[in-house]
Amino acid sequence: MGLEQRQRRWRWCAVVFMGMITITVNGSNTHTKQVSRIAFGSCSNQSAPQPIWDAVLDFHPQVFIWLGDNIYGDIKRPFKLFGRERTIGPWKNAPRFIPSSEEEMEAKYRKAKSNPGYAQLKENAEVIGTWDDHDYGLNDAGKEFHRKIINQKLLLDFLDEPQDSPRRKQAGVYASYKYGPPGRDVQIFLLDTRYHRDPLGSDGTILGNSQWSWLERELKGSSAAITIIGSSIQVVSNLSATIQPLFSMESWAHFPRERDRLFKLIADSKRGGVFFISGDVHFGEITRYDCAVDYPLYDVTSSGVTQSVEGVVPPFLHFLVRFVAWLTPSTMRVKGPNCRYKSCVYGQPNFGTIEIDWDSHPVTLKLNVRDKNGIAVTGINTSLVELQAPNSEDSVKVGHDRRHCTLEVSLPWIIRYRLAILFSITLAVLLVVFIGLVYTAITVFRKAVCKRKQE
């Protein structure tokens, strides 16, 4: 038997073995194997170079989680300020993004799946995931998007979801996975923030009635030592409150009643060890909220595998992006010595990691955002003692740490809008300088003309 045949046989045996230890309970995937290393990421353009997979492989994750924008399936048209079809400006008359056909989406998924680094990851780790807008099919789209049923099938095909999976029969791609024996178990909830979402600014629903019922049933069901809630958009942070009107970002904060409902559901479930992971924004950061439940709720944002805020500007302007990140007020961002940059924002390609030491007392967790070389650029070390519900013997007392309790939207206006104020002042100064230069040039020109006439 040749080497290649033996490798195929061993892979087949591994698949059979995994199948033997995987069962479905009430629509949740339950695995008996203990998990201690999890990686996650988002925002991966299938047509861009993806060197980061080497670092992901070197981390040796047992599970990898896609948090959305797993491909860029929609078509982005160029900026056009003038002409028949104008995609920007007050006289915009054409959409910047348009959906791809089913055939185009399939081709993009095939390209993503054939990447050598990603293909190797799939051989070494279980890959699960949800979607965000660009693999849902259209930038910033919600429940109104007409191709969501077709695109749901394409995503589940990409994730190699079994044909008899409940995810193929429900409205939306939300799912639950549980790994490990009792006492050392990790439950992962992957939310669908697209299929049922009302329009931005409506303060309507994100998850929809059926998904809310599912999540409530799952959270109040059998508990787990650690609960990870994966959301394609940020749950804790609300940077749009401080960067508008210059920029806007999708987040749960655009739907405050939904976010309050989510926090209340977690509190009512009496679960400890709950934290969020998210993507979407093209940078990495860690945020926390101390006043939602009776222990800190962390949100580890990793974005993206290829897309990044620094990647859209020339290298000599990276310092400016970092300065803006530092200047932008964020009451929820975790800052400390573990950050590469003073802002504790990382604007280059990155992925997230979760390391669990089940043998330590208490059980410890390392939550990190890592660069393309696998080096941590921001992170926290915490334990299950610090992430406990109030009925636990080791619970954290209410009000123990309230540093991260003031929402960005509640900041004084002069702090909240300081980025826009600085931008306006800078623009005004540049305009005055430009007018001064034009006036000086005109004056010099007139004097030169008059002098020539006199001669």
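This report walks through the annotated regions, disulfides, strands and helices of one predicted model.

## Regions named in UniProt

An unreviewed entry places the feature "domain: PhoD-like phosphatase metallophosphatase" at residues 39-292. In the model, the end C-alpha atoms of residues 39-292 lie 26 Å apart. This span is 29% helix and 17% strand.

The unreviewed entry also lists a "transmembrane region" at residues 419-445. Here the span is 100% helix and 0% strand. The end C-alpha atoms of residues 419-445 lie 39 Å apart.

## The disulfides

A disulfide is a covalent bond between the sulfur atoms of two cysteines. With a cut-off of 2.5 Å between the sulfur atoms, the model has 2 disulfides. Count the bonded cysteines along the chain, and the pattern is 1-4, 2-3.

Are its two cysteines buried or exposed? Cysteine 291 is partly exposed, because its relative accessible area is 28%. Cysteine 405 is buried, because its relative accessible area is 17%. The cut-off for buried is under 20%.

The angle about the S-S bond is 100°, and the link is right-handed. Both cysteine 339 and cysteine 344 are buried.

Cysteine 43 has 0% relative accessibility, so it counts as buried. Cysteine 450 has 44% relative accessibility, so it counts as partly exposed.

Start with β11, residues 274-278. This strand is mostly covered, with 5 of its 5 residues buried. Both of its faces are covered. Val274, Phe276 and Ser278 lie on one side, and Phe275 and Ile277 on the other. How does β11 pair with β10 (residues 226-231)? The two strands run in the parallel sense over 5 bridges. In that pairing, isoleucine 229 has phenylalanine 276 of β11 as its bridge partner. β11 also pairs with β13 in the parallel sense, over 3 bridges. There, phenylalanine 276 is partnered by aspartate 299 of β13.

Strand β12 is mostly covered too: 5 of its 5 residues are buried. Glu285, Thr287 and Tyr289 are buried on one side. Ile286 and Arg288 are buried on the other. β12 runs antiparallel to β13, and 5 bridges join them. Glutamate 285 has threonine 301 of β13 as its bridge partner.

## A helix pair

Find helix α3 (residues 102-113) and helix α6 (residues 148-158). They pack at an angle of about 15°, and their axes are 10 Å apart. That angle makes α3 roughly parallel to α6, because angles under 35 degrees count as roughly parallel. The crossing of α3 and α6 is right-handed.

Notes. Residues numbered from 1 in each chain as written. Predicted model: local features only at pLDDT ≥ 70, side-chain atom pairs only at ≥ 80, totals over all residues. Heavy atoms only, no water. UniProt positions renumbered as here; feature names shortened; annotations may be inferred. Helix = DSSP H or I, 4+ residues; strand = E, 2+ residues; numbered from the N terminus. Buried < 20%, exposed > 50% of the residue type's maximum accessible area, 1.4 Å probe, protein only. Pairing = 2+ DSSP bridges. Axes fitted to C-alpha atoms, helices over the stretch in contact; angles between N-to-C directions. Parallel < 35°, antiparallel > 145°, perpendicular 65-115°, else oblique. Left-handed = near helix turned anticlockwise from the far one by under 90°.
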